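Here are my notes on the model, in numbered points. Please read them with the coordinates open.

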Amino acid sequence: MRLAVLTSGGDCPGLNAVIRAVVRTASNEFGDTVLGYEDGWVGLMEDRRRDLYDDAEIDRILLRGGTILGTGRLHPDKFKAGLDQIKANMEDAQVDALIAIGGEGTLKGAKWLADNGVPVVGVPKTIDNDVNATDYTFGFDTAVSVATDAIDRLHTTAESHNRILIVEVMGRHVGWIALHAGMAGGAHYTVVPEVPFDVADICKAMERRFQMGEKYGIVCVAEGALPKEGTMNFSEGDTDQFGHKSFNGIGQAIGDEIKERTGYDVRTTVLGHIQRGGTPTAYDRVLATRYGVHAARAAHEGKSGQCVALHGEDIELVPLEDAVGKLKVVPEKRYQNAQALFG
Ligand code: F6P
């Protein structure tokens with residue numbers, strides 16, 4: 001058999017570990033060959049591909065961040081209009097099954113292809129950890145480690161200067177990175193997109209710290225967080241052609257507001273794409289590798305329309321439709337756990 005693999009959407013640490021595991025499993029267990037399409041769906045439509053061999057080069061990509069295949073975004077309308085081209089390209093390359101590695105948008109595309117007769121298996125990825133139907137996506141642990149390390153460093157400088165430091169982390173629609181990094185890094189307040197915040201509450205928590213002699217504070221803010229209506233001036237960013245919201249600097253806005261209301265010295269750090277780059281943590285390498293092994297097996301066995309997923313300790317196959325349509329948000333009770341430690 002011949003399998004194809006592609007990576008689509010925003011990159012994330014662990015993509016190469018999946019590619020490596022797919023190539024090695026396909027070759028070791030089945031004697032299958034694998035090719036990679038470049039730059040996600042775009043490369044599939046433009047027939048930009050290359051063979052991936054089970055060799056020393058593939059072996060060494062385990063530690064490498066990003067994706068050796070490149071990634072890209074394609075508007076759903078263009079994608080759907082290219083169905084015949086996609087089928088023709090795959091036929092020409094003698095591809096029996098495609099493994100699509102991506103977030104919710106990519107998995108939606110994979111489901112649509114499977115529904116239209118293209119054999120596809122999905123692999124969920126994103127640092128945001130917002131794909132439904134799986135406990136964790138790879139990339140998340142690395143992003144949380146990077147953000148936690150940053151918060152650890154902010155503590156000492158904040159304490160030395162008696163400052164409030166705001167750290168803005170990624171999380172377009174969900175606050176998993178903020179929740180975990182805020183808790184692991186001992187932030188004194190965390191805000192997530194799922195729960196609109198009142199900046200007065202953050203000010204109160206910071207003032208309490210200063211009154212108790214702890215004259216500094218760390219506030220961890222997810223980039224997609226929004227204030228409760230009427231509590232603070234802030235205008236949301238526009239939406240791009242893929243339906244992705246652009247950001248207007250909620251971390252900076254919160255910092256400015258705290259400064260104005262309390263008079264404390266405040267600084268804001270935006271971590272941005274640092275959280276998405278670099279080598280994956282051991283946890284992400286293992287999860288990505290396990291996903292790759294199971295995806296290669298599923299593709300070889302003709303299990304189209306399925307997606308690999310982590311459930312507890314096990315990797316299982318779930319219908320792609322369970323992974324799309326709705327994001328995995330931070331449940332209220334998880335945020336309440338974090339709230340217990342604010343101030
Ligand atoms: O990778 C997920 C995500 O990290 C979001 O949290 C973030 O807003 C977005 O990607 C930014 O990606 P890009 O700059 O590539 O559009």
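1. Thr142 contacts Pro13, Thr279, Pro280, Thr281 and Asp284, leaving aside neighbours within four places in sequence. Contact here means heavy atoms within 4.5 Å. Thr142 sits in helix α7. Helices (H or I, at least four residues) and strands (E, at least two) are DSSP runs, numbered from the N terminus. The side chain of Thr142 reaches the backbone nitrogen of Thr281 at 3.0 Å. Thr142 is buried, because its relative accessible area is 2%. Buried means under 20% relative accessible area, exposed over 50%, and partly exposed in between (1.4 Å probe, protein chains only). Leu98 is 44 residues from Thr142 in sequence, and the two C-alpha atoms are 27 Å apart.

2. A word on provenance. This is a predicted model: local features need pLDDT of at least 70, side-chain atom pairs count only at pLDDT 80 or more, and totals for chains, interfaces and linings use all residues. Residues are numbered from 1 along each chain as its sequence is written, and side-chain values use heavy atoms, with hydrogens and water left out.

3. How is the chain divided? The domain assignment gives domain 1 (2-125 + 280-325) and domain 2 (140-277). The bounds come from an automatic or database domain assignment. The C-alpha centres of domain 1 and domain 2 lie 34 Å apart. Domain 1 puts 11 residues into the contact, and domain 2 puts in 10 residues. Between them the two domains bury about 890 Å², with 52% of it on carbon and sulfur atoms. Buried area is the accessible area (1.4 Å probe) that two parts lose on being put together, summed over both.

4. Aromatic pairs number eight in the structure. The rings of Tyr136 and Tyr283 are edge-to-face, because their planes stand at 80° with the centres 6.3 Å apart. This pair links distant parts of the chain: Tyr136 is in the loop between β5 (120-124) and α7 (140-161), Tyr283 is in helix α11 (residues 282-300), and they are 147 residues apart. The criterion: rings of Phe, Tyr and Trp (its six-membered ring) pair if their centres lie within 6.5 Å; planes under 30 degrees apart count as stacked, over 60 as edge-to-face and the rest as tilted. Tyr136 is partly exposed at 27% relative accessible area. Tyr283 is also partly exposed, at 39%. Elsewhere, ring pairs join Trp41, Phe79 and Trp112 into a cluster.

5. Which rings does Lys328 lie over? One is Tyr136, with Lys328 over its face at 5.8 Å from the ring centre. Another is Trp176, at 5.6 Å from the ring centre. A charge sits over a ring if NZ of Lys or CZ of Arg is within 6 Å of the ring centre and within 35 degrees of the ring normal.

6. Ser8 is in the loop between β1 (2-7) and α1 (15-30). Ser8 counts as buried, since its relative accessibility is 4%. Its side chain makes a polar contact with the side chain of Thr106 (3.3 Å). A polar contact is a pair of N or O atoms within 3.5 Å; within protein, one must be able to donate a hydrogen and the other to accept it, and residues adjacent in sequence count only if both atoms are side-chain atoms. Beyond four places in sequence, Ser8 touches several residues, among them Gly40, Trp41, Thr71, Ile101 and Lys125.

7. Ile99 belongs to strand β4 (residues 97-102). Its relative accessible area is 0%, so Ile99 is buried. Contacts outside four places in sequence include Leu3, Val5, Val22, Val121, Val123 and Ala295.

8. Glu257 lies in helix α10 (residues 250-262). At 19% relative accessible area, Glu257 is buried. Glu257 touches Val199 and Met232, not counting residues up to four places away in sequence.

9. Please check two backbone angles. Asp39 is not a glycine, yet has a positive phi of about 60°. Asp39 lies in the loop between β2 (33-37) and α2 (41-45) and is partly exposed at 26%. Asn162, likewise not a glycine, has a positive phi of about 50°. Asn162 is in the loop between α7 and β6 (163-169) and is partly exposed at 38% relative accessibility.
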